[in-house]
Amino acid sequence: MSIMQHNGGSVIAMVGKDCVAIASDLRLGVQSLSISSNFEKIFPVTERLYVGFPGLATDVTTLREVFRYRVNMYTIKEERAIEPTIFTQLVSSTLYERRFGPYFIEPVIAGLQKTPSGSYEPFIAATDLIGCINFAKDFVVAGTASEKLFGVAEGLWEPGLEPEDLFETISQTLMNAVDRDAFSGWGAIVHVITKDKVITRKLKGRMD
Amino acid sequence: MPDGSFSHPQQRQFNPYTENGGTILAIAGKDFSVIAGDTRQSEGYSIQTRYAPKVFRLTDRAVLAVNGFAADGNMFVKKVQQRLEWYRHAHAKDMPLGAIARLIQTMLYGRRFFPYYVYNILGGIEEDGTGAVYSFDPVGSYEREACRAAGAAQSLVQPFLDNQIYFKNQQAPAGQSHPLHLPLSDVLAIVIDSFTSATERHIEVGDGLEIYVVLTKGRPTQDLEGYRGVKELTTRPDGDRVFLIQRELKKD
Amino acid sequence: MDHFPLSWGRPRNDALDAFNTYPMHKRPTHHDTFADGVQRTQQPIVTGTSVLAIKYKDGIMMAADTLASYGSLARFKSIQRLHTVGSSTVLGASGDLSDFQYIQSLMEDLIIEEHTAGDHHELGPAEIHEYLAQVLYSRRTKMDPLWNSLVVGGRKDSKNFLAYVDLLGTTYSSSSIATGYGAYIAVPLLRNAVDGRENTLTEEEARKIIVDCMRVLFYRDARSLNKFQISTVTDAGVTISEPIQLETTWSFAEGIRGYGAQTQ
């Protein structure tokens with residue numbers, strides 16, 4: 001089995017109307033043995049920007065610290081919060097630095113991007129383990145259940161979803177996808193990011 | 001030899017299998033069954049043809065969808081059809097669906113040590129008039145189900161079906177329960193959505209869609225009449241009936 | 001060759017001499033003919049490259065060059081790879097040419113067999129294709145494949161037929177078919193020119209499409225030749241042309257470093 005499947009786990013992000021959502025399962029395993037049902041792999045970067053790290057668990061921890069350091073350095077130097085597009089480039093270049101000995105992580109990024117007029121517009125992106133960026137207008141997926149996530153999301157997602165509808169859509173997509181994946185599941189967490197607040201909910205899932 | 005020398009006889013094994021892509025799916029209703037498959041046949045990154053059917057009418061009450069290695073699939077369908085013809089000659093009637101399912105299991109297991117590299121889904125009407133779906137693995141393990149997807153996009157379609165057909169992860173409104181069987185129009189909409197989704201995200205799925213609908217004896221057909229270009233394939237009156245709906249899928 | 005049958009050995013079971021053909025003490029030391037296994041699985045030896053075929057208004061058109069390669073050696077430069085079967089079918093072959101010659105003999109046997117029935121029925125392209133598909137599939141199932149990709153084209157009862165079968169028994173039909181490198185290089189060109197126009201293309205237009213594709217293949221397929229034959233099947237019957245020599249230009253290569261001859 002590939003090292004990308006060693007610990008299991010999946011992340012998905014979706015665009016809604018003036019909002020974005022990012023969600024992941026909570027499983028941590030070693031091959032087919034489940035170890036933990038509260039292993040979070042989505043982390044806040046700013047108030048309106050989240051990043052998810054599905055992949056090798058040790059690299060989840062490492063990259064979380066790497067990006068905490070680099071985002072702090074950016075904030076101090078620039079004296080402003082990092083924007084989603086900039087952060088995506090940071091993720092990409094950080095991963096590409098290790099082009100020939102990569103971190104085994106495929107990051108998913110979701111946030112609200114500040115426009116010149118001061119409003120916010122939804123932004124999602126994902127990269128592969130060496131930093132190739134995929135900007136998408138609808139949804140991005142990664143992790144061991146990615147094929148399943150693609151299938152369900154393609155069937156359920158529609159443009160212009162309001163926050164609560166987006167929550168339902170991303171939750172249903174994630175839950176039904178991970179229930180068909182042996183390496184993902186054991187509960188889930190969903191963050192819906194809107195202009196004013198972030199709604200975070202933990203979902204109970206099948207434990208088999 | 002791993003050392004690349006020629007001091008030992010060189011062995012090159014002929015590989016008798018290939019994969020020809022595509023996806024199939026079937027859903028059973030209370031008094032109907034829907035069996036569908038795309039029509040693309042491919043090998044590697046090449047599309048061999050945009051129209052190679054992999055869903056076949058066996059009798060007026062049974063339809064078989066075959067996916068995997070196309071040459072094995074065609075040969076397998078041919079042999080099943082031959083056995084069904086012999087059965088007609090011996091018993092002066094069509095073989096019942098459950099018996100066809102058992103026949104398929106026996107035929108697949110008969111090749112346990114040189115398998116037909118094929119995933120089968122059999123759909124149709126049971127003798128009690130209920131819609132049924134039987135799904136098989138290449139060596140004959142089978143079970144009756146309400147819905148099943150197989151083939152290249154199985155992993156994309158099956159969780160979607162879990163959600164939309166079995167209502168998995170959905171809670172019924174208080175005091176209510178989810179329907180056990182969906183109406184035909186809902187099922188057809190889900191089938192078409194499944195294939196357009198699979199076409200969007202899987203390169204081996206596309207070109208055309210063939211949906212077979214089997215209706216139990218005496219069932220009204222008005223919910224089929226709304227569909228463009230429905231062809232009836234039934235051979236005998238006053239029994240279960242088979243219909244075919246064809247749709248285009250994206251060709252890229 | 002040892003012509004003495006008793007030295008040939010018998011498969012397995014060397015413990016006893018069932019027919020007492022030898023006094024026990026004189027029995028030759030047994031040699032098991034099959035000890036090293038039997039050789040069935042092969043690889044193509046003398047090969048032909050792409051076959052192209054399309055449907056058009058009045059029938060089907062097929063083309064194949066006349067080269068038989070031995071690895072990268074252009075071994076035989078005037079081998080015909082298009083073969084008439086009956087009066088309404090043409091069969092084009094790529095892959096192993098000795099296997100193809102065996103298939104040709106099968107076709108001859110088949111046609112004679114059907115002719116001797118004297119029922120005035122003749123096998124059409126669909127029947128020939130089905131027969132070949134069964135032969136190739138059963139040979140792959142015996143792990144002793146006929147190493148070919150075959151295209152069967154024809155026209156019978158005013159219906160065009162074009163289909164493919166290969167060493168695995170895989171079959172399909174389409175309005176344009178190409179084997180070998182043609183499947184990568186010619187198919188996009190053929191589909192672009194033919195799809196949706198199967199019933200309106202004239203023979204002249206079809207010929208131009210085919211010749212253009214054969215030219216592209218000659219430029220890009222290193223195992224091809226600029227000498228090929230074109231076959232048609234129409235209501236008038238089967239024709240296979242004399243070899244056609246392609247006009248090719250290489251002056252453009254002069255300006256491309258790494259393509260034409262290098263001067264420095």
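## Polar links between chain C and chain B

In this predicted model, 7 residue pairs are in polar contact across the interface of chain C and chain B, with both partners at pLDDT 80 or more. The rule also finds 2 salt bridges across this interface. One salt bridge joins the side chains of B:D72 and C:R140, with a distance of 2.9 Å from N to O.

Which elements of chain C each supply at least two residues of the side that touches chain B? They are α2 (125–141), β10 (171–173) and α3 (182–194). Of the elements on this side of chain C, α2(C) gives the most, with 5 residues. By class, the side of chain C that touches chain B divides into 8 nonpolar, 9 polar and 4 charged residues.

## Area buried by chain C and chain B

The contact draws 21 residues from chain C and 25 residues from chain B. Between them, chain C and chain B bury about 1,900 Å², and carbon and sulfur atoms carry 53% of that. On the chain C side, the residues that lose the most area to chain B are C:Y137, C:R140 and C:L168, which together make up 28% of what that side buries. If you are looking through the side chains, C:R140 is a handy one to pick out: it is among the three that lose the most area, and its side chain meets that of B:D72 in a salt bridge.

## Where chain A meets chain B

Now to the other interface. Here 16 residues of chain A are in contact with 15 residues of chain B. The area buried between chain A and chain B is about 1,400 Å², with 49% of it on carbon and sulfur atoms. A:E154, A:N176 and A:R180 supply 37% of the area that chain A buries against chain B, more than any other three residues.

## Charges and helices on the chain A side

How many salt bridges are counted between chain A and chain B? The count is 3. One of these pairs the side chains of A:E154 and B:R201, at 2.8 Å from N to O. A:E154 is also one of the three residues named above for their share of the buried area.

Two or more residues of the side of chain A that touches chain B come from each of α3 (146–156) and α4 (163–178) of chain A. The largest share, 8 residues, belongs to α3(A). Sorted by class, this side of chain A has 6 nonpolar, 4 polar and 6 charged residues.

Definitions and conventions. Residues are numbered from 1 along each chain as its sequence is written. Chains are lettered from A and ligands numbered from 1 in the order in which they are written. This is a predicted model: local features need pLDDT of at least 70, side-chain atom pairs count only at pLDDT 80 or more; totals for chains, interfaces and linings use all residues. Side-chain values use heavy atoms; hydrogens and water are left out. Contact means heavy atoms within 4.5 Å. Buried area is the accessible area (1.4 Å probe) that two parts lose on being put together, summed over both. A salt bridge is a side-chain nitrogen of Lys or Arg within 4 Å of a carboxyl oxygen of Asp or Glu. A polar contact is a pair of N or O atoms within 3.5 Å; within protein, one must be able to donate a hydrogen and the other to accept it, and residues adjacent in sequence count only if both atoms are side-chain atoms. Helices (H or I, at least four residues) and strands (E, at least two) are DSSP runs, numbered from the N terminus. Ala, Val, Leu, Ile, Met, Phe, Trp, Tyr, Cys and Pro count as nonpolar, Asp, Glu, Lys and Arg as charged, and the others, Gly among them, as polar.
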